[in-house]
Amino acid sequence: MIVNVNDLRLSRGRREILRGVSFAADRGELVALMGLSGGGKTTILRTIAALEPFDSGTVDVGGVVLRPGANARQTIRELRKQVGMVFQLHYLFDHLTALDNVTLAPTRVAHVARTDAESRAMALLDSLGVAHRRNAYPRELSGGEAQRVAIARSMAMDPPVLMLDEPTASLDPARRYELGETLVKLTKDGRTLLVTTHDDDFARDFATRVIILAEGEVVEEGDPRQVLTNPQHESTKRLLQRTGV
Amino acid sequence: MQARRAVFVFCILHFAFCIQAAEQPGILRWGGDAEGGAPFVEADPSNPAVVRGFDVDVAEQMAKGLGRKAQFVQVAFASIDQSVARGDFDIGMSGVEDTPPRRAMLSTTIPYYEFHEVLTVRSEDVSRFTDFSQLRGRKVGTLSATIAYERLLRAQREDGIEVVSYDDDVHPYEDLREGRLDAVLLDNIIAARSVSRVPGLTILPTNFQTGHYIGVLAKENTALRDRINDILRARMRDGTLERIYRKWNIWSDDEAAFLRVAPAIVPARPGRIAGATQKQSKLPLIARYIPSLLEASVITIALSCASMVLAIFIGILIASGRVYANGLSRAILTAYVEIVRGTPVLLQLFVLYYGLSSVIRLPAFLAALLGLGLNYAAYESEIYRGALEAVPRGQLEAARTLGLSEMQVFSLVRGPQAFRLALAPMTNDFVALLKDSSLVSVITVVELTKQTQIFATNIGSWVIPGLLCAALYLIFSLPLARLAGYLETKWRSASE
């Protein structure tokens, strides 16, 4: 298992956001994290990305272990070689072109030669269908284009685990299908994808496993077709009603 | 009801005009600058509300002769002419020199005191510097917009000295002692007073130019001028002026000789003389000043640009410190910003140039650059801090998840984005700095505004110098203001 989250607990003030979350993900898996808003999905991704310190439990990604509180800079540096993240709002760097967004980390962090970084970035943008937008600034990109550039940016460092926060949120059904196929393609060489989503169709069609979160706990997990067609837990049922199935 | 209101308004207006009107029955309002000090006019050390000096005594004689009471009005030395012309007081005195522009612009009394422009040097230099030719390439200071200043400009052209202009007549002598200057050219009575106060200085015997002090009145005020001239002549003849001058230790054989001929001097008739000379002499005079205005513009621009670079550099350091550093450094930086923003830049310039001169003797231009730069750094830092904090947290987190170090997040993502946000307000600040740079004339840097003031004093009018000066400032600042506007709209559309 490349991702091992064990009994993760996190409170902000008096509010318990995560109440002992445990799950694991294997190489090549596409895991969908689902649950009502406020259920802690995004927070889990943020703790795995070491953007959010937690109170107890452990996060282990490819052998790099995060512990409660502040972690050593060295640990975080190692962790970030293991995990990439695509934010819901993309957060492409406003002052850089699409291509420069993708080459920034390879040239500055991995110290890859500029020409090599650019040809690899072009290949990535091409595989995601946005190569023609390489010289556009983020403000000039459509939502779908920005998302694909953001995926390319995370992929440029070639992390074994890629996390996407609500990638389906602002896509129409056709685009959503395209995205699903792209993500499945990314898992083919053994990469693990953790994806939060509200979209049970998307999870059913593309995820290898679904994890249902409710009030900071994992309430149900398993094969998406099974869990989402025949929900056992009350929260899962509510979730499916809400999404209008 | 309405009638009563009308009466009330009338009373108010009447009252207001009475305050405005210079000539009040029974009182002779005379303007002078007590900052000029003894022996002209100074605040009485035992009662600072009262002024004393030989000009005070002369004014009292005038008032007495008119059957009025003398009342002193404080006015900056450089503004005496303009103030009397607009009617702030009846007559301006306190070391006002007799010059052709004054005669053209105002009604002037007969001269009542004769002085000489003399050089003062450090005592050890007495044998080295006896004339301007020996001062080639050296700095000679004086009060700006005076006869002495004009004489030094001539020496600059003829003998290659460097002129340093001051707004007061105290600091030149202190700077002479400290080695910032090699000589000071000023009126002999100012020199005599200063060497008694500042040790180690010696006055050279040569008289470089003779000048006279006069009283100035508004141009149309010739009736009062004529009466005052009569009073002055009488007081010269009956020995009253001699008594006053002896009392203030400014009596000499030369003065005695002057007072014997002075009563016979016919006052210049402003109407005739001015009318005849103005048209012929003003144009070449204006032309003569244009190169120096352009030169002063170069100083203004160079100083503004250099100060802005310094302000940006230090501003970035302060802002990053306040955003990133720990409690103590942050508190120190916050204190710096608050102190600098909470005190006048004029005071800061004084402290840097004169206050610190016993510790470190900064050259004037450098002090000006540091003063403006350090002052604006406080304002810039606030802009940058705001801009740094305005960069969305998500941008920083995205950079972190890519593996960028905190330093890289700052230099590759947060800094460049904040810089774009800061560009428009920075440009506005630069325009403000361009204009604030005029303050450095207090520490002897002659920039555009100061040169304009000198220009105006010498041709006796603010109209043309003022227009030229304003035009030059606008030429520099308008494109910048346009740039700021452009950047603002560009960035706004970019972030939408």
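**A walk through chains A and B**

Let's start at B:Ile301, which sits in helix H11 of chain B, residues 270-324. Helices here are DSSP runs of H or I with at least four residues, strands are runs of E with at least two, and both are numbered from the N terminus. This is a predicted model, where local features need pLDDT of at least 70, side-chain atom pairs count only at pLDDT 80 or more, and totals for chains, interfaces and linings use all residues. Residues are numbered from 1 along each chain as its sequence is written, while chains are lettered from A and ligands numbered from 1 in the order in which they are written.

B:Gln451 is 150 residues away along the chain, yet its C-alpha atom is 14 Å from that of B:Ile301.

Now for strand E10 of chain B, residues 183-187, where 5 of the 5 residues are buried. E10(B) pairs with strand E7 of chain B (residues 113-122) in the antiparallel sense over 4 bridges, pairing meaning that DSSP finds at least two bridges between two strands. B:Thr120 has B:Val184 in E10(B) as its bridge partner. Strand E8 of chain B (residues 139-143) pairs with E10(B) too, in the parallel sense over 2 bridges, and here B:Val140 stands opposite B:Ala183.

What about confidence in chain A? Its mean pLDDT (the predictor's confidence in each residue, from 0 to 100) is 92, and 98% of its residues reach 70 or more.

Methods: A residue is buried if 20 or more other C-beta atoms lie within 10 Å of its own, exposed if 12 or fewer, and partly exposed in between; C-beta atoms are placed from the backbone.
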